[in-house]
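User: I have a structure to go through for class. Can you take me through it in plain terms?
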Amino acid sequence: NYCYLRCRNNKNTAVSAKAELFYSKGSLVNWPQNWTPIPVDVKGTTLNDIPSIPPGGIGVVERPFIWNKPVSIETNNHYCLIGRLQTGDSPNPKPDVRSPITMSQIIQTNLMFAQRNIAILPAEGPDGYYSLLLESPAGIEGTGKYHMFFYTKNMKGFDVEITCSMRDSKGNKIGIKRTPIQSDDDIYCGQCYLEPGFSAVASVYIYYNGRPAPSTGYTNFMLEYAGDQTELSFARECGVLNTERSVRLMTKAGIQDAAFLVKLGGYIGMFS
């Protein structure tokens, strides 16, 4: 697999950059602890060069990244790609994430990182399916509380069911029973407690109910971290607190034991 990475220079002066590309097993959250670097074809390194990019211009890596995709039974051979840029002014090292809020900051506000996390659903039914990892790596601090939501677009008349290979750290079942999709909206899938070191495989089943796959339809399985009052100022400082969105989701789900929610990741299912 030959992979390329492009970027835009938003500065008023020309800039050169280095780029790194990682892969990770299909996961609801692409924790940096699970990133594996992809080598550049002839350089004997994982760092690629992007020559001088004019202001407002697009730059591309000089050489392709070469990815020999490994085999992974537990996530249906699906992988995610993560790109990292660095310049002389912005070293942007691979982050050492210890807080879910810091992870949220990477995916929401850091323009020097990018990720692609998509599974393909069959255009012809009768059903679609994908699996992914649900994890909380060792060393992650915080409340341990997470909430799951399933958003759909143009999927009315389909059904969704989510199962998990393990119960959460408190013995609670993870997922939702087969549920009709009635509108373009978030379906609340419940709370889970994930202690550091937790790892399980979640499976998402889409039932077509005899309907054709919509060309503009898609699903998005999302994980939200539930922070407490002591983390509120840190979430604001990191720029990840969307109060309106947090209140809307907490109200919809009837969540009363959290000060706020922040998005940690999402897994999109699109039709082939």
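Analyst: One term to begin with: helices and strands here are DSSP runs, numbered from the N terminus. With that naming, Pro-126 is in the loop between strand S10 (118-121) and strand S11 (127-136). Keep in mind that this is a predicted model.

User: What about the peptide bond from Gly-125 to Pro-126, is it cis or trans?
Analyst: The bond is cis, and its omega is near 15 degrees.

User: Back up a bit. How many helices and strands are in the protein?
Analyst: The protein has three helices and 18 strands.

User: What share of the residues is buried?
Analyst: Buried residues are 47% of the 272. The accessible surface is about 13300 Å², and carbon and sulfur atoms account for 50% of that surface.

User: Charges next. How far apart are the mean positions of the positive and negative ones?
Analyst: They are 4 Å apart, counting 26 positive and 24 negative charges.

User: Which residues have a positive phi without being glycine?
Analyst: Asn-92 is one of them, with phi about 45 degrees. Asn-209 is another, with phi near 55 degrees.

User: Where does Asn-92 lie, and is it buried or exposed?
Analyst: Asn-92 is in the loop between strand S8 (79-86) and helix H1 (100-109). Its relative accessible area is 12%, so Asn-92 counts as buried, the cut-off being under 20%.

User: Where is Asn-209?
Analyst: Asn-209 sits in the loop between strand S16 (198-207) and strand S17 (218-227). Its relative accessibility is 39%, which makes Asn-209 partly exposed.

User: New topic. How many aromatic pairs are there?
Analyst: The structure holds 14 aromatic pairs. One of them is Phe-150 with Phe-221, a tilted pair with 6.2 Å from centre to centre and 55 degrees between the planes.

User: What does that pair tie together?
Analyst: Phe-150 is in strand S12 (residues 145-153) and Phe-221 is in strand S17, so the pair ties together parts that are 71 residues apart in sequence. Phe-150 and Phe-221 are both buried.

User: Why is the pair of Tyr-208 and Phe-271 called edge-to-face?
Analyst: Because the planes of Tyr-208 and Phe-271 are at 85 degrees, with the ring centres 5.9 Å apart. Planes over 60 degrees apart count as edge-to-face. Tyr-208 is in the loop between S16 and S17 and Phe-271 is in strand S18 (residues 260-271), so this pair ties together parts 63 residues apart in sequence. Tyr-208 is buried, as is Phe-271.

User: Which residues do ring pairs link into a cluster?
Analyst: Phe-22, Trp-35 and Phe-113 are linked that way.

User: Now Val-97. Where is its place, and is it buried or exposed?
Analyst: Val-97 is in the loop between S8 and H1. Val-97 is buried, at 0% relative accessibility.

User: Which residues does Val-97 touch?
Analyst: Setting aside residues up to four places away in sequence, Val-97 touches several residues, including Trp-31, Pro-32, Met-103 and Ile-140. Trp-31 is 66 residues away from Val-97 in sequence, and their C-alpha atoms are 7.7 Å apart.

User: And Met-222, where is that?
Analyst: Met-222 is in strand S17. Its relative accessibility is 6%, so Met-222 counts as buried. Residues up to four places away aside, its contacts include Leu-28, His-147, Asp-186 and Arg-245.

User: Last one, Met-270. Is it buried or partly exposed?
Analyst: Met-270 is partly exposed, at 35% relative accessibility. Its place is in strand S18. Apart from neighbours within four places in sequence, Met-270 is in contact with Ile-118, Ala-119, Ile-120, Leu-121 and Tyr-218.

Definitions and conventions: Residues are numbered from 1 along each chain as its sequence is written. This is a predicted model: local features need pLDDT of at least 70, side-chain atom pairs count only at pLDDT 80 or more; totals for chains, interfaces and linings use all residues. Side-chain values use heavy atoms; hydrogens and water are left out. Helices (H or I, at least four residues) and strands (E, at least two) are DSSP runs, numbered from the N terminus. Buried means under 20% relative accessible area, exposed over 50%, partly exposed in between (1.4 Å probe, protein chains only). Accessible areas come from the Shrake-Rupley method with a 1.4 Å probe; for residues, only the protein chains shown count as cover. Lys and Arg count as positive and Asp and Glu as negative; His and the chain ends are not counted. The place of a charge is taken as NZ of Lys, CZ of Arg, CG of Asp or CD of Glu. Rings of Phe, Tyr and Trp (its six-membered ring) pair if their centres lie within 6.5 Å; planes under 30 degrees apart count as stacked, over 60 as edge-to-face and the rest as tilted. Contact means heavy atoms within 4.5 Å.
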